[in-house]
Amino acid sequence: FKEWLAESDVGSRTSFAELQRTLGSEPPFLAVRTQGERKQAYAEYQTKRLALERDLERKRLAAAKDAFKLLLSEYKHALTPETPYATATQLLAREPRYKALDEDLRLEVF
């Protein structure tokens, strides 16, 4: 049942009621005998899926920060410690590695 949920790409924030509406007629869903067992198995799946999603997001942010730091080092010739953030923003705004981080994280790394 849990493997089927993962294969069906059910997110950690999907409610049980939504799951029941969208996939409730599927054989793997019906294979679990009682509604209580389904809810319990789904709660366990949600907990593991949420941990996985958080871990993936942390890794994505770390990679994006590293890429932004590399981008800053590539622009050493144009950026100095005295360069205002607004000037750096104008210079780097078109770079995908710049856009990969939100404003607060860019400012933190800068």
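**View 1. The largest nonpolar core has 13 residues**. Welcome to the first close-up of this predicted model. Within the core, the residues that touch the most other members are Phe 68, Leu 71, Leu 72, Leu 79, Leu 92 and Tyr 98. Helix 4, helix 5 (85–92) and helix 7 (103–109) each give two or more residues to this core. Helix 4 provides the largest share, with four residues. Look for Leu 71 here: leaving aside residues up to four places away in sequence, Leu 71 touches Leu 92, Glu 95, Arg 97 and Tyr 98. A second, separate core is made of nine residues, and Trp 4, Val 10, Phe 16 and Phe 29 are among them. As general background, nonpolar side chains tend to be buried together in soluble globular proteins.

**View 2. Helix 5 has a buried side and an exposed one**. Which residues of helix 5 are buried? They are Tyr 85, Ala 88 and Leu 92. These three cover an arc of only 60° around the axis, so they sit on the same side of helix 5. The partners that the buried residues of helix 5 pack against are helix 4, helix 6 (96–99) and helix 7.

**View 3. Helix 2 lines one face with its buried residues**. Here we move to residues 16–23, which form helix 2, where Phe 16, Leu 19 and Leu 23 are buried. Viewed down the axis of helix 2, its buried residues fall within an arc of 60°, and therefore they line one face of the helix. Arg 21 and Thr 22 lie on the other side of helix 2, where they are exposed. What do the buried residues of helix 2 pack against? Their neighbours are helix 1 (2–7), helix 3 (27–31) and helix 4 (35–74).

**View 4. Helix 2 meets helix 4 in a right-handed crossing**. The two helices pack at an angle of about 115°, and their axes are 11 Å apart. Helix 2 and helix 4 are therefore roughly perpendicular to each other. To find the meeting place, look on helix 2 for Phe 16, Leu 19 and Gln 20, which meet Gln 35, Arg 38, Lys 39 and Tyr 42 of helix 4.

**View 5. Arg 38 is a buried residue of helix 4**. Is Arg 38 buried or exposed? With a relative accessibility of 11%, Arg 38 counts as buried, because buried means under 20%. Its contacts, not counting residues up to four places away in sequence, are Phe 1, Phe 16, Phe 29, Leu 30, Val 32 and Arg 33. Arg 38 and Lys 2 are 36 residues apart along the chain, and their C-alpha atoms are separated by 9.7 Å.

**View 6. Arg 60 is a partly exposed residue of helix 4**. Our last stop is another arginine in this helix. The relative accessibility of Arg 60 is 41%, so Arg 60 counts as partly exposed. How many residues separate Arg 60 from Ser 25 in sequence? They are 35 residues apart, and the distance between them in space, C-alpha to C-alpha, is 35 Å.

Definitions and conventions:
Residues are numbered from 1 along each chain as its sequence is written. This is a predicted model: local features need pLDDT of at least 70, side-chain atom pairs count only at pLDDT 80 or more; totals for chains, interfaces and linings use all residues. Side-chain values use heavy atoms; hydrogens and water are left out. Buried means under 20% relative accessible area, exposed over 50%, partly exposed in between (1.4 Å probe, protein chains only). The arc is that of the directions from the helix axis to the C-beta atoms. Contact means heavy atoms within 4.5 Å. A nonpolar core is a set of buried Ala, Val, Leu, Ile, Met, Phe, Trp, Tyr and Cys residues joined through side-chain atoms within 4.5 Å. Axes are lines fitted to C-alpha atoms, for helices over the stretch in contact, and angles run from 0 to 180 degrees between N-to-C directions. Angles under 35 degrees count as roughly parallel, over 145 as roughly antiparallel, 65 to 115 as roughly perpendicular and the rest as oblique. A crossing is left-handed if the near helix is turned anticlockwise from the far one by less than a right angle, and right-handed if clockwise.
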